[in-house]
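Have the structure open as you read.

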Amino acid sequence: MTSELLTIELNVANHPGVMSHITGLFSRRGFNLEGILCGRTGDGEKSIIFLLVNDGEQLEQIVHQLEKLYDVESLIVHKKFNPEAFTEIRSSLGIA
Amino acid sequence: MKYSGAEITIKLLERQGITTIAGIPGGANLPLYHALSGSSINHILSRHEQGAGFIAQGIARSTGKTAVCFATSGPGVVNLLTAIADAKLDSIPVVAITGQVASSFIGTDAFQEIDTYGLSLPITKHNFLVRSAEELLTVIPEAFRIAGSGRPGPVVIDIPKDVQNERIEISSWPLPGMPDAIEPIDDSVIRTAAQMINDAQRPLFYIGGGVIVSEASSLLREIIHEFSIPVVSTLNGLGTIADDDPLYFGMLGMHGARAANELVDSCDLLIALGVRFDDRATGKVSEFAPDAAIVHIDIDKSEFNKIKKNHCSVRGNVAEALSLLKDLLVKQQRSGWDAVVKAGESKLIAAQTKEGNVLHPSNVIRFVSSIAPGNTIITTDVGQHQMWVAQHYPFKHPRTLLTSGGLGTMGFGLPSAIGAALAHPDRTVICFSGDGSILMNIQELATVADYQLNVKVLLFNNGHLGLVRQQQELFYNKTYMAVKFIRNPEFAVIAAGFGIRSVTISDPSGVTKALPELLLQNGPALINVIIPHEYNVLPMVPPGAANRDTIGD
Ligand SMILES: Cc1ncc(C[n+]2csc(CCOP(=O)(O)OP(=O)(O)O)c2C)c(N)n1
C-alpha cells in the first residue's frame with residue numbers, strides 16, 4: 001500500500017442493519033475498505049465504528065455517501081491515529 | 001383503543017393523505033389487506049408486483065408526491081424490486097410496504113421467506129424491518145419524511161406478519177411525516193456562483209430532473225430570458241423549458257441534438273442544475289465541456305465532483321438557488337455567444353423538420369403531439385421509440401414525460417401510464433412503446449381495462465429489439481444476434497382479449513385517419529403502428545466516444 005491511511009469515525013444508531021448499510025456502501029460503490037473496528041457505546045443505543053481507508057481521490061465521495069446513510073449520526077475523519085489498533089487486534093483482545 | 005399493526009399501518013397511510021395503493025395480496029400481507037378493506041384508500045389490483053411498483057411511480061412522477069405500493073413476502077418482493085431500483089436511480093419518492101414471514105420464522109428459510117432487507121438495501125434511499133407494532137408509529141411517518149426530503153427516493157418497509165397482527169393500545173396518532181425544511185444556501189458560495197456567471201462569456205445551463213423536483217421550471221424560464229442564457233436538458237429534465245423556446249436546445253448526450261452537444265462543447269461556463277453527469281449525457285467525461293468551468297447546483301452534495309471536478313459547488317434546493325441568483329446576476333453583452341446560440345437554433349430547427357415517410361416514428365410522434373390535448377402525459381418504454389419521443393415530442397410542461405432514465409427499464413411505460421391516469425383522471429395518457437418492451441408488462445392491460453383508464457398505448461412495431469439491433473448494426477459489423485423476433489403476437493387480438501379497442505396501422509392514411517379517431521376517444525386503446533425495422537435513432541454518439549463525435553443527422 002503506497003497511499004496514506006486514515007480512519008473515519010462513525011457514530012451510528014445500534015441496530016442489526018447498520019453494519020450491512022456501511023459495508024454494502026463500500027462494496028456497491030467500489031470503495032476500498034482496509035479495516036473495521038466496531039463497538040457499543042453508552043447504554044447500547046449507539047455504536048461507534050472506525051473505518052480504515054486510503055487517503056485518496058475517493059475520500060470525498062466516501063465521506064459524502066456515508067453522511068447520507070440514515071443511521072450515521074456523525075462522522076469525523078482522523079488523519080492522526082494509532083494504526084496498531086487495526087493491526088494488533090488479536091493481542092489487544094488478549095488472544096494469543 | 002386497541003389497534004393491530006396492520007390497522008395502524010393503514011390508519012397512518014390515510015393520515016399521510018394516501019388515496020391510492022397498488023399491490024397484490026398474499027400470505028404474508030393478508031392482515032394488511034384485511035385492514036385495507038375498512039379503509040377509504042382505493043386499492044388498485046395490478047397483475048404483477050412490478051406493475052404495482054411502476055403504478056406507484058406513475059403517481060409519484062406525475063404529481064411529485066410520495067406514492068405507495070404493497071407486495072407480499074418472497075416472490076412478491078422479488079417481483080417488486082425492479083420498480084424500486086428504477087425509482088432509486090431516478091430519485092422518485094415511493095414507499096413500498098412488504099409483508100414478511102412472522103418474526104419467529106425469519107432466518108429459517110420459511111415458506112416465501114426472502115431477505116427483503118438485504119435485497120432492498122442497495123436499491124433504496126433507506127429501508128426498515130419493523131420489529132413491533134409500536135415501531136410502526138415512528139417508522140411509517142419517518143419513511144414518508146425520508147422519501148420526500150431533499151433528493152427523493154424509494155423507501156421499503158418490511159413488516160413481519162406477527163407485527164401486523166400484534167394489538168397495542170393507541171391513545172394518539174403521530175403527525176404525518178413531511179419532507180424536511182429546505183436548508184438555506186451558503187451566501188458566499190451563491191455569490192461566487194453569480195460572479196462566475198456574470199464573468200462568463202459563454203454560459204450554458206445544463207438542467208435535469210432536480211429542476212422538476214424543486215418545481216423551479218417557471219423561475220428558470222424567467223432567468224434564462226432575463227439574462228439570455230441558453231439551455232440544454234437531460235432526458236429527465238425534458239419539459240422544464242418549453243420545446244419552442246428560442247433559448248432551448250433540446251436534449252444533450254448520446255441521442256441528443258447536435259446543436260445541444262455543440263453548445264456544451266463551446267461554452268466557457270456550464271451551470272449544472274439538478275443533474276448528476278450521467279454517462280448517457282456526458283459521453284466521454286474527459287472531453288465533456290472541455291473549455292468550461294463548472295458551477296454545480298444540487299441538493300445532494302455527494303453528486304459534487306463524483307464524475308467531473310467542478311469549480312463551485314452550491315448545495316441546496318435548485319429553486320432556492322435560482323431565486324437567490326436572480327437578484328445577483330447582471331445582464332451582460334455577449335454578442336459572440338449570442339451569435340453562436342442563434343446559429344445553433346437554426347440548425348436545431350433544420351434537424352427537427354424531417355420530410356419523408358409519414359410512418360417514421362419521428363413524424364408519427366409529431367403528429368400525435370399536434371392532435372393530443374395540451375396537458376397530455378406521455379410515458380415511454382425503453383428503446384428506439386423512447387429516444388424518438390425524447391427527440392421529437394415537443395414537451396411544454398414539467399411532469400408531462402415519465403420515462404425510465406437511470407435504470408432504462410423495459411416494461412416501465414404501461415404501468416407508469418396507469419399510475420399517471422389514476423392520479424389525473426381528467427387527462428389523456430399516452431404510452432409510447434415498442435413490441436419488445438410492451439410484452440414485459442402486457443398483463444397490466446387487464447388493470448387498464450378494469451378501471452377503463454384513459455390510457456392509449458402507441459406501439460411502434462418493428463419486429464425487433466430495435467435499439468439493440470441498431471447497436472449491432474453500427475458497432476458489431478451487422479452481426480445480428482437475438483434481436484429479431486421469430487414471430488410476433490397479433491397485438492389487435494391481444495388487445496381484444498383484454499377488452500381494449502385497437503387498430504393496426506401500416507399505411508400513411510391510417511396515421512391521419514384511424515389514429516386520431518382512436519386516440520381522441522375516451523378510454524383505453526392500443527394503436528399498433530407497423531414500421532420498417534431499418535430505422536436508426538440518429539444522431540448517435542458511439543458508447544465511450546466524446547459527444548462531438550456524433551454520427552448521423
Ligand atoms: C428489462 C430490460 N431488459 C433489457 C434491456 C436492454 N434493451 C434496451 S433497448 C432494448 C430493445 C427494446 O425493444 P423495443 O421495446 O421493441 O423498442 P425499440 O428499440 O424497437 O423501439 C433492449 C432489449 C432493457 N433496457 N431493459
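Is A:Lys46 buried or partly exposed? A:Lys46 counts as partly exposed, at 34% relative accessibility. Keep in mind that this is a predicted model.

A:Lys46 has a partner: it forms a salt bridge with A:Glu73, and the closest N and O atoms are 3.2 Å apart. This pair ties together distant parts of the chain, with A:Glu73 in strand 4 (residues 72-78) of chain A and A:Lys46 in strand 3 (residues 46-54) of chain A, 27 residues apart. A:Glu73 is partly exposed too, with a relative accessible area of 44%. Over all chains, the structure holds 24 salt bridges.

Here are three of them:

| Salt bridge | N to O distance |
|---|---|
| A:Glu73 and A:Lys46 | 3.2 Å |
| B:Asp300 and B:Arg151 | 2.8 Å |
| B:Lys306 and B:Glu303 | 3.1 Å |

Now over to chain B. B:Asp300 is buried at 5% relative accessible area, while its salt-bridge partner B:Arg151 is partly exposed at 23%. In the other pair, B:Glu303 is buried, with a relative accessible area of 6%, and B:Lys306 is partly exposed at 27%.

A:Ile89, A:Leu93 and A:Ile95 make a nonpolar surface patch of about 270 Å². A:Ile95 sits in the segment after helix 4 (89-92) of chain A, and A:Ile95 is partly exposed, with a relative accessible area of 41%.

How values were computed:
Residues are numbered from 1 along each chain as its sequence is written. Chains are lettered from A and ligands numbered from 1 in the order in which they are written. This is a predicted model: local features need pLDDT of at least 70, side-chain atom pairs count only at pLDDT 80 or more; totals for chains, interfaces and linings use all residues. Side-chain values use heavy atoms; hydrogens and water are left out. Patches are made of residues with over 30% relative accessible area and no salt bridge: like charges are joined within 9 Å, nonpolar side chains (Val, Leu, Ile, Met, Phe, Trp, Tyr) within 5 Å. Accessible areas come from the Shrake-Rupley method with a 1.4 Å probe; for residues, only the protein chains shown count as cover. A salt bridge is a side-chain nitrogen of Lys or Arg within 4 Å of a carboxyl oxygen of Asp or Glu. Helices (H or I, at least four residues) and strands (E, at least two) are DSSP runs, numbered from the N terminus. Buried means under 20% relative accessible area, exposed over 50%, partly exposed in between (1.4 Å probe, protein chains only).
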